[in-house]
Amino acid sequence: MRAVAEFVRPALLVAWKDVLLELRNREVVATALVFGVMLVVIFNFALNITPETVDVLAPGVLWVAFSFAGVLAMSRAFVAEKEEGTLDALLLCPVSRDSIYFGKMLAMFVFMVVIEAALLPIFAVFFDFSAFSATLIGAIVLATLGFAAVGTLFAAVAANVRSREMMLPILFFPLVSPVIIGAVETSGAAIGGGGSLTSPLRWLQLIAVFDAVFIVVCPWLFSVVVEE
Amino acid sequence: MIALITTPVNNIPYLFAAFAITWAVFFVYVFITSRRQDELEQEMEGLREEMRGRDGGGGEM
Amino acid sequence: MTTISNRTRGGLKRNVALAVIAAVMVLNMYFAFMFAPTEATSGHVQRIMYIHVPMAWLAFLAFFIVFIGSIMYLWKRQEKWDDLASSAAELGIIFTTLVLITGPIWAKPTWGIWWTWDPRLTSTLVLWLIYVGYLMLRAYSANRSQGMKFSAVLGIVGFIDVPIVYFAVDWWRTQHQRLVLGGPSLESDLHPDMRLALMVSVIAFTLLFAFLLRQRTSLKRVERGVREMKEDAEIRSEG
C-alpha cells in the first residue's frame, strides 16, 4: 500500500500541477482546438469533401486533426520544464522517475482527450456523423493513450535538442503510424458503417497492444533521458 | 543474348538503372569512408609529430 | 616499427576481405543474370529482386543491430556500442534507401505505376523515416554524449515498433486492395532456381554488409581515438 502511495501520489501531483497550470493559462487546449478546426476547413478546401466522399474522407481528416493538434499540445509539455529548470528541481526530489513520467503522461492524455472531446462534436456537425458510438470513443481513448505514451518520452527528448518544434513531429509520427492506421480504420467502420475486411475489434486490439508495449517501455527510457 | 533481344517488353533499361544505382551508391560510400580514413591517418601522424616535438623540446609536468 | 606492420597487416586483411566479397558478388551476378530463369510475365526486370529482397532483409538486420547496440550502450555506457549502433544505422538507411529506389524501378515496368503501397515497401518507408530521425537526433543534439543517449532511446523504441508497423500496414493493405496483383512476388512461390539465386544474393550482400559495418565501426573508433588525443594535447598544453 505504501508503495502505491509513493508511486501514485507523486504521479497524480505532477499531473495535477500541469492541469492547474493549464487551467490558469489556457494556452495549450485553446490553441490546439482552434488549430483543429482550422485543419478541418483547410482539408475541406484541399480535398473538396462532398456528401458522396465524406464517409471515406472523414475518418482520415478526423485523425489528422487529432494527431496534429495533439502534437501541438505535446510540444508544450516539457518546454516550460526546460526553460524554468523545474524538471531539475523535480528530479532532486526523492520521487521515482516513473512517477514523473506517468504524471506527465496523464496530464498529456487529459489535455488531448479534452481537445478531442471538444473537436468531435464540431466534426460530427461538419461531416454529419453520430459522435456517440462506443467503437469511436474506444478508438479515441486507446489511440490517445498510445499518443501520450510515446509523446511524453519524445517530448522530453525533443525539448533538449535544436529545432525542437520540427524534431517532435518527425520523431513522433512514424512511430505512432500503427495507431493512426488503426484509429482511422476503426473510425471508418464506426462512422461510415464499414465494409471493412478487418473487424474494428482487431484494429482496437492492435492499438491496445501498441499501448501495452509502450506504456512498459517508455517509462524506463524516460529515466534514461532525464538523468544527466 | 538472343533470349534478351526477344523479351516481349524491353525493360532492360530499368534493370540496368536499378543495378547501376546500387553499385554507384556502394562505391560512393566506400570512397567517402576511405577518404575519411586517410584524413584521419594524416591527422594522427600530425598529432604524433606534435607530441614528439613537445616531449623532445623540453620537460613538462 | 610495430605500428607500420600492424597497419600493413590490417590493410592486407581488408584487401583479402574485399577480394572475397568481389568474387562472391561476381558469382551473385552469374546466378542473377545467367542461372536464374526469366520470369514469364515481367521479363528481365524481375531480376531486380536479387538486389531488392536481400537488401530489405539486411536493412532489417542492420536495425536489429542498432537495437542491440543501443541497449548495450545504455546499459554499459561504453562508446564502442554506440560506434556499432550508429554505423549499423547508417548502413541500414543506405540499404533502406536502395530498397525504396529499386522498388519503384521494378514496379513501373511490371505493374505500370511507380508506387504500389504494398506492405513491405510501405513499412520500409516508415522504417526509413524512423531511422532518418535517428540520424537527425544525433545531428541536432546539444552535445555528443546527449546525441548518443537520445539516439539509443530511439534505436530501441524504433525497433520494437517495427513489427507493429508491419502488421498494421499489412492489415491496412489487405483492406484496401488497390491492386489485384500484390507487389513484388512472395518468396514462397518462387521457382527453385530463383530461390537458389536469391539465397546466393543474400549471402553476397550479407558479406558486403558485414564488411562495411566492420569498416565503419573501426573508422568511428579511430575518430574517437583522434578526438581524445586532441583533447589530451589541449589539456597538456594548458598545464
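H2(C) and H6(C) cross with right-handed geometry; a crossing is right-handed if the near helix is turned clockwise from the far one by less than a right angle, and left-handed if anticlockwise. The model is predicted: local features need pLDDT of at least 70, side-chain atom pairs count only at pLDDT 80 or more, and totals for chains, interfaces and linings use all residues. Residues are numbered from 1 along each chain as its sequence is written, while chains are lettered from A and ligands numbered from 1 in the order in which they are written.

The axes of H2(C) and helix H6 (residues 192–238) of chain C come within 9 Å and cross at roughly 50°. Axes here are lines fitted to C-alpha atoms, for helices over the stretch in contact, and angles run from 0 to 180 degrees between N-to-C directions. The two helices H2(C) and H6(C) are therefore oblique. Angles under 35 degrees count as roughly parallel, over 145 as roughly antiparallel, 65 to 115 as roughly perpendicular, and the rest as oblique. From H2(C), C:Tyr50, C:Val53, C:Pro54, C:Met55, C:Trp57 and C:Leu58 take part. They meet residues of H6(C) including C:Ala197, C:Leu198, C:Phe205 and C:Phe209. Contact means that the C-beta atoms of two residues, placed from the backbone, lie within 7 Å. By class, this contact of H2(C) with H6(C) has 11 nonpolar, 2 polar and no charged residues. Ala, Val, Leu, Ile, Met, Phe, Trp, Tyr, Cys and Pro count as nonpolar, Asp, Glu, Lys and Arg as charged, and the others, Gly among them, as polar.

The crossing of H2(C) and H5(C) is left-handed. On the H2(C) side, the contact includes C:Phe63, C:Phe64, C:Phe67 and C:Tyr73. On the H5(C) side, C:Gly155, C:Ile156 and C:Phe159 are among the residues involved. The classes are 12 nonpolar, 2 polar and no charged residues.

Now take H2(C) itself. Helices (H or I, at least four residues) and strands (E, at least two) are DSSP runs, numbered from the N terminus. H2(C) spans residues 49–76, 28 residues in total. From first C-alpha to last it reaches 40 Å, close to the 40 Å expected at 1.5 Å a residue. H2(C) is mostly covered, with 20 of its 28 residues buried. A residue is buried if 20 or more other C-beta atoms lie within 10 Å of its own, exposed if 12 or fewer, and partly exposed in between, with C-beta atoms placed from the backbone. C:Arg77 follows H2(C) with a positive phi, near 55°.

How do the chains meet? Of the 2 pairs of chains in contact, chains A and C share the most contacts. No contact joins chain A and chain B, whose closest C-alpha atoms lie 25 Å apart. Chain B puts 25 residues in contact with 25 residues of chain C. H2(B) gives the most to this side of chain B, with 18 residues. That side divides into 16 nonpolar, 5 polar and 4 charged residues. Chain B has 2 helices and 0 strands. Buried residues make up 7% of its 61 residues.

A:Phe132 sits between helix H6 (97–127) and helix H7 (134–158) of chain A. A:Phe132 counts as exposed because it has 11 C-beta neighbours inside 10 Å. Its C-alpha atom is separated by 20 Å from that of A:Pro51, 81 residues apart along the chain.

Key:
Expected span 1.5 Å × (residues − 1).
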